[in-house]
Amino acid sequence: QNVGHFWGVLETRPYMRARLGLAHSLWTAGQREEAVQHLQDMLRLNPGDNQGVRYTLAGFLFFLDRDDDLARLLQQNDEPSATWAYSKALLAFRQHGDTAEARQLLTQAKKTNKHVLLYLTGEKYPTLQPPGYYSPGDENEALNYVGSFLAAWKSTSGAVAWLRASVGKMKEAAPQPKGPP
């Protein structure tokens, strides 16, 4: 009877926390489809997704090569976050390669968080310390994204090379400082 508003009912929160833990445990145990089903059902119960289940689900769907399901998730939960922007760019590249649409999505993603590219291309490496709280566009947001999605980028043939080429084009297009002759 509380479907769609589960998080708003305080008594359901321990259940939702436990269910998220179960999904992670199932994933770790290799029961990946069952883990995905739990996350999808959690989003049905709480479409507002106060727990950020959509981010975990997106990572799982990338891993399982369930691009159509991922496309639906990205569309249903459209948001201006770096996670969604970079995931949209990667999905477009996975589905169609280096197209005008994929390049446009990557350009939009760069605007959400410039730090992500440095980590995805290996120009910068994450510290051993887990990232703390973050604000949109800051380095901790980038570290959170890379921690969950770097494997998807690396497992997509040509994706990291595509990013590196894009970074090279950005540097070429940047105005060069002029000094005395």
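Which residues does Leu-73 touch, not counting residues up to four places away in sequence? I keep in mind that this is a predicted model, and I find that Leu-73 touches Leu-43, Arg-54, Leu-57, Ala-58, Leu-61 and Trp-84.

Next I looked up the core. The largest nonpolar core has 51 residues, and Leu-73 is listed among those with the most contacts inside it, together with Leu-39, Leu-70, Tyr-86, Leu-120, Tyr-145 and Trp-153.

I turned to the fold as a whole. The protein chain holds nine helices and zero strands, and reading along the sequence I wrote the pattern down as α-α-α-α-α-α-α-α-α. For the extent of the chain, I recorded that the C-alpha trace spans about 75 × 35 × 30 Å along its principal axes.

I also checked how the chain contacts itself: among contacts between residues at least 6 apart in sequence, 59% join residues at least 24 apart.

Of the 181 residues of the protein chain, 42% count as buried, while the accessible surface comes to about 10500 Å², with 54% of it belonging to carbon and sulfur atoms. For the charged side chains I counted 20 positive and 18 negative, and I noted that the centres of the two sets lie 5 Å apart.

Key
Residues are numbered from 1 along each chain as its sequence is written. This is a predicted model: local features need pLDDT of at least 70, side-chain atom pairs count only at pLDDT 80 or more; totals for chains, interfaces and linings use all residues. Side-chain values use heavy atoms; hydrogens and water are left out. Helices (H or I, at least four residues) and strands (E, at least two) are DSSP runs, numbered from the N terminus. Buried means under 20% relative accessible area, exposed over 50%, partly exposed in between (1.4 Å probe, protein chains only). Contact means heavy atoms within 4.5 Å. Accessible areas come from the Shrake-Rupley method with a 1.4 Å probe; for residues, only the protein chains shown count as cover. Lys and Arg count as positive and Asp and Glu as negative; His and the chain ends are not counted. The place of a charge is taken as NZ of Lys, CZ of Arg, CG of Asp or CD of Glu. A nonpolar core is a set of buried Ala, Val, Leu, Ile, Met, Phe, Trp, Tyr and Cys residues joined through side-chain atoms within 4.5 Å.
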